[in-house]
Amino acid sequence: MKQFKLLVLLLILFAGCSGNNQKSDEPKKVAIVVSTLNNPWFVFLAETAAKKAKELGYESKIFDSQNNTALESDHFENALASGYDAILFNPTDAAGSVSNVEKAKKAEIPVFCMDREINSRTAATSQILSDSYSACVELGKLFVDTLQKKGQYVELLGIVSDNNTWNRSKGFHSVVDNFPNLKMVAQQSADFDRNKAMEVMESILQAHPQIDGVFCGNDAMAMGAIQALVAAGKSHVKVFGFDGSEDAVIAVSEGKLAATAMQYPKDIAEKAATFAHEYFGGKRDFPQKLPIAVDVVNKSNIDQFTAYGKKE
Amino acid sequence: MLSGGLKYALIVLAVGLLGYNSVYVERLSEYKSGVQKTLDVKAYAQEYLFKKVPQSVGKAVNITELISRVSGNPKAVFNAVPESRRAGDQLYFLVKGEAEIVEVAEEYVLLNSSGDSVKLKIATEYIFGNASRNAAGLISADQFDNTMDFNNVSEEINRLIRSQILPPFKKEARKGDTVNFIAALEIRETAPKLTDIELIPLKLVIKPH
């Protein structure tokens, strides 16, 4: 009897030790956790990642964090408990999302960040990030030329805890601040949100009715700002956005938006899914931060672009 | 009935397996590397621009030679650019050369280039972006916890170029002088523009006419 108990104990031990091994017949599962699905750009990012994962033979599910780190944390716990094998992740907060990624790392689940960054170079397996700073340097040069180096302008910032917000703002200011006749009369956050941007812009116009330009940290805010400006009879004001979303590309072609910066969410999402695929295949040496170039889009080159990318 | 020896061997194996799966060993050096101290951007940029870039002059490619190679077989040149000197479509080159100044304009100094079809300029007004940081291939995003620090390095290098390298050059440069330079060049892989080249200066030495 003693020997039987000992053998059972050993079998349990061996079973427990091999618990992390993959179930060989089932397709691997990929969780796609995105900051918000209330912005078409992120919907496109998530759906493209899901499509690519499916093409590569994996099951996937999209989780919406609704820009809430607590909800994002729940999604990570659910994904880990439900046996997902990789997470394609668009974080809500550069600092606040690090602990979620570390949790996944501890569970030996790779995390590939898409578009938004986390403040760590050890937690995620890789971070695929748009080069927002360089793009906003280019937008800044265009802004200076468009306003002919003089005038008053407003800046609408995105979510203040997101690094993209500051990389875009800093890239823009690294150029524009060198021109003393360009004066920023207001700088406020509108959380990357179209409706909030419209309200913020309406409020700013009360205090500063004479403005020549608006620089926005994303296209949703740019579209909100345009709505407020048109309602106030100031459609001559030059508005600049960032993202390359569908409505922004249309607005550039119609002359309502001076310029946007085309990020390539398709490239970012497909690269993240492909990295997960390579990870499953045994690859481990991924670049920690992989910058993806961004193109400035204005009336002069709009014929080369469509929503979320270049024309095929 | 198991013999006494086999019984103890199984117990030792069981304890060994339990122990192996209960303890996780991580190098302290790897653990520490995940914690970045506050970066002294000014000191970092100073060290890069005034020490590391001049030491890297051997890795710089002659600008005339680069133009010729890109004009002949751009794909071969671009494919050889390592990850540390590219950001997506943007490729960065550390270049060197010596040429006669043919015009001193408000925003640039025009140099005498070998080909009539090439306008070769040293930027003296618009010093922006990441070319100055990326050209030498010595600084990578992977070295920083966040890209804001990485971009702050570019801003500080550009500020040093504007405040320390350009003022004496702009004061002394005259038409007919020869300038010896190390510079950063940014080329778009999918749309290389070699007819109007603007270099971001990293080191400039004037040889008066």
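Contact here means that heavy atoms lie within 4.5 Å. This is a predicted model, in which local features need pLDDT of at least 70, side-chain atom pairs count only at pLDDT 80 or more, and totals for chains, interfaces and linings use all residues. Residues are numbered from 1 along each chain as its sequence is written, chains are lettered from A in the order in which they are written, and side-chain values use heavy atoms, with hydrogens and water left out.

**Gln127 of chain A**

- Leaving aside neighbours within four places in sequence, Gln127(A) is in contact with Cys113(A), Arg116(A), Glu117(A), Ile118(A), Ser120(A), Pro287(A), Gln288(A), Lys289(A) and Leu290(A).
- Gln127(A) belongs to strand 5 (residues 126-130) of chain A; helices (H or I, at least four residues) and strands (E, at least two) are DSSP runs, numbered from the N terminus.
- With a relative accessible area of 0%, Gln127(A) is buried, where buried means under 20% relative accessible area, exposed over 50%, and partly exposed in between (1.4 Å probe, protein chains only).
- A polar atom of the Gln127(A) side chain lies 2.9 Å from the backbone nitrogen of Ile118(A), and a polar atom of that side chain also lies 2.9 Å from the backbone oxygen of Ser120(A).

**Helix packing within chain A**

- Two packed helices are described by the angle between their axes and the distance between the axes.
- Helix 3 (residues 69-81) and helix 4 (residues 98-106) of chain A pack at an angle of about 10°, with their axes 9 Å apart; axes are lines fitted to C-alpha atoms, for helices over the stretch in contact, and angles run from 0 to 180 degrees between N-to-C directions.
- Helix 3 of chain A is therefore roughly parallel to helix 4 of chain A, given that angles under 35 degrees count as roughly parallel, over 145 as roughly antiparallel, 65 to 115 as roughly perpendicular and the rest as oblique.
- Helix 3 of chain A contributes Thr69(A), Glu72(A), Ser73(A), Phe76(A), Glu77(A) and Leu80(A) to this contact, while helix 4 of chain A contributes Asn100(A), Val101(A), Lys103(A) and Ala104(A).
- The residues of this contact divide into 4 nonpolar, 3 polar and 3 charged, with Ala, Val, Leu, Ile, Met, Phe, Trp, Tyr, Cys and Pro counted as nonpolar, Asp, Glu, Lys and Arg as charged, and the others, Gly among them, as polar.

**Chain B and Leu91**

- Chain B has 7 helices and 7 strands, and buried residues make up 44% of its 209 residues.
- Among contacts in chain B between residues at least 6 apart in sequence, 72% join residues at least 24 apart.
- Leu91(B), which lies in strand 3 (residues 90-104) of chain B, counts as buried at 0% relative accessibility.
- Not counting residues up to four places away in sequence, Leu91(B) touches Phe78(B), Val81(B), Arg85(B), Arg86(B), Leu185(B), Glu186(B), Ile187(B) and Glu189(B).

**Interface between chains A and B**

- The contact draws 36 residues from chain B and 35 residues from chain A.
- About 2,900 Å² is buried between chain B and chain A, and carbon and sulfur atoms give 57% of that area; buried area is the accessible area (1.4 Å probe) that two parts lose on being put together, summed over both.
- Phe128(B), Asp142(B) and Met148(B) supply 19% of the area that chain B buries against chain A, more than any other three residues.
- The axes of helix 6 (residues 163-176) of chain A and helix 7 (residues 147-172) of chain B come within 10 Å and cross at roughly 10°, which makes these helices roughly parallel.
- The residues of the contact between helix 6 of chain A and helix 7 of chain B divide into 2 nonpolar, 6 polar and 2 charged.

Notes. A polar contact is a pair of N or O atoms within 3.5 Å; within protein, one must be able to donate a hydrogen and the other to accept it, and residues adjacent in sequence count only if both atoms are side-chain atoms.
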